[in-house]
Amino acid sequence: MGIKEFVVISGKGGAGKTSVTACLTPYFVNTLTADCDVDAPDLDILLKPVVGKTDKISAARKAVVLSDKCTGCGRCRNVCRFGAVRIEQGLARVDPIKCEGCKVCTLVCPADALSIEDWPTGDLYESLTPYGPMVHARLIPGEEVSGRLVSLVRQRAKAIAAEEGCEAILIDGPPGVACNVISSLTGTDLALIVTEPTVAGFHDMRRVWETAAKLRVKTALVLNKTGLSDEFMQPIRDFAAERDIPILGEIPLSPEMRRAVNDRRIPSVAYPDFPGPRFWEGVVEKMMELV
Ligand code: SF4
Ligand code: SF4
C-alpha cells in the first residue's frame, strides 16, 4: 500500500482550514505534514516545527541582460508583450516582476545579449514537529508561481515520507480554486473540505468541491462553526447528501478555537475537551476508511 495523501481545503479563506489541519495532526500516526498554502503559510505558527534544512528554490525563469553585449537596439522591448523591457541609458533593462520567462526576446536579439535564468522564488523548509516531519515553504512576496512551489512542496514531502517510512501525508491546502489549489489537490487520495454555515462558506465549498470532482479526487466534509447561522446548515447537508459526500464531523462555534489560534497553540491540544479526543480520532479514522 502506497503513501496516502490527504489535503484539507476550504475554498473560502477563514473557514478554519488550517486550524482543523493542526487539530488533526496529533491524531494522525506516522504521518508527514505539508503546508501547501505557500502564499500565506501559517500552519507552522500552530505546529511550531524545528526547521532542519532550508533550500532556496527557483520555480520561475526570467530574462537577464548581458550588458557588455547589449547595443540598446530595443528589439527585445518591441516584442515583449508583457511590457517587461525598457531601454535606459542605451541598455535593455528587464523588470523581473513583469517578465514571464517566455524567451521571445532572446529570439530577436541580434547581439545574443539575453539569457533566461532561474530566478529565486522562495524558500523550502524540511522541519520536525512533535508529531512528525513537516515540509513547508514561503514564497517571496510579488512572485506568482505558487502552483509550481506547491508542486515542489509535494514532491519533497513525498520523498521524505518515503525515506521516513510514513504511511500518510496531511496537506494544508491553499484557499480559493486557483492553480495552487489544483496543484494541491491533483493526485491526492482524499480532500477534506472544511466549510462554515455562511453564504460565502456554502458558495466556496461548492466551487472547491466541483474542482475536486473534476480532478476525480474523493471528498469529505467537516462543518466548522456550526451555530454561527442556521440558515445554511441544511443546504450544506442537502448538498452533501445529494452527492454522497460524507460529513465526518461538526465543530460548534466556540471561543476555544479562536483563543487557541490567537495563543499560537493547536486547538485540539490546548483545549483537549473541545470537541474532545474522540471527535478528532473519529475524523481521522473515517478519513482512513475512505481511502
Ligand atoms: S522573457 Fe518574455 S516576458 Fe521576459 S522580457 Fe523576454 S519577452 Fe518579455
Ligand atoms: S535586443 Fe538585445 S541588443 Fe537589442 S536592446 Fe535588447 S538585449 Fe540589447
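The protein has eleven helices and 13 strands, where helices (H or I, at least four residues) and strands (E, at least two) are DSSP runs numbered from the N terminus. This is a predicted model, in which local features need pLDDT of at least 70 and side-chain atom pairs count only at pLDDT 80 or more, whereas totals for chains, interfaces and linings use all residues. Residues are numbered from 1 along each chain as its sequence is written, and chains are lettered from A and ligands numbered from 1 in the order in which they are written.

Along its principal axes the C-alpha trace spans about 70 × 40 × 40 Å. Of the 291 residues, 45% are buried, a residue being buried if 20 or more other C-beta atoms lie within 10 Å of its own, exposed if 12 or fewer, and partly exposed in between, with C-beta atoms placed from the backbone. Among the contacts between residues at least 6 apart in sequence, 77% join residues at least 24 apart; two residues are in contact if their C-beta atoms, placed from the backbone, lie within 7 Å.

Helix H1 (residues 17-24) is largely enclosed by the rest of the structure, because eight of its eight residues are buried. Alanine 22 is one of these buried residues of H1, and its C-alpha atom is separated by 37 Å from that of glycine 101, 79 residues apart along the chain.

Glycine 101 itself is found in the loop between strand S6 (91-94) and helix H4 (104-108). With 17 other C-beta atoms within 10 Å, glycine 101 is partly exposed; not counting residues up to four places away in sequence, it touches Ala60, Arg61, Lys62, Ala63 and Ile116.

We turn to the two ligands. Ligand 1 has 13 residues around it, of which Ala63, Cys80, Cys99, Cys102 and Cys105 come nearest, a residue being near a molecule or strand if its C-beta atom, placed from the backbone, lies within 6 Å of it. The shell around ligand 1 comprises ten nonpolar, one polar and two charged residues, where Ala, Val, Leu, Ile, Met, Phe, Trp, Tyr, Cys and Pro count as nonpolar, Asp, Glu, Lys and Arg as charged, and the others, Gly among them, as polar. Around ligand 2 there are 13 residues, with Cys70, Cys73, Cys76, Ala92 and Cys109 coming nearest, and this shell divides into nine nonpolar, three polar and one charged.

Helix H5 (residues 146-164) has 19 residues, which at 1.5 Å a residue should span 27 Å, and its end C-alpha atoms are 26 Å apart, which agrees; the expected span is 1.5 Å times one less than the number of residues. Among the buried residues of H5 are Leu149, Val150, Leu152 and Val153, and what covers the buried residues of H5 includes strand S8 (122-129), strand S9 (132-139) and helix H6 (179-185). H5 is followed by glycine 165, whose phi is positive, near 70 degrees.

Further along, strand S12 (residues 219-226) is mostly covered, with six of its eight residues buried. Strand S11 (residues 190-195) pairs with S12 in the parallel sense over five bridges, strands being taken to pair if DSSP finds at least two bridges between them, and valine 222 of S12 is the bridge partner of valine 194. S12 also pairs with strand S13 (residues 247-252) in the parallel sense over five bridges, and there the bridge partner of threonine 226 is proline 252. The chain crosses from S12 through helix H8 (residues 233-242) to S13 in a right-handed β-α-β crossover, meaning that, with the strands pointing away from the viewer, the path from the first strand over the helix to the second runs clockwise.
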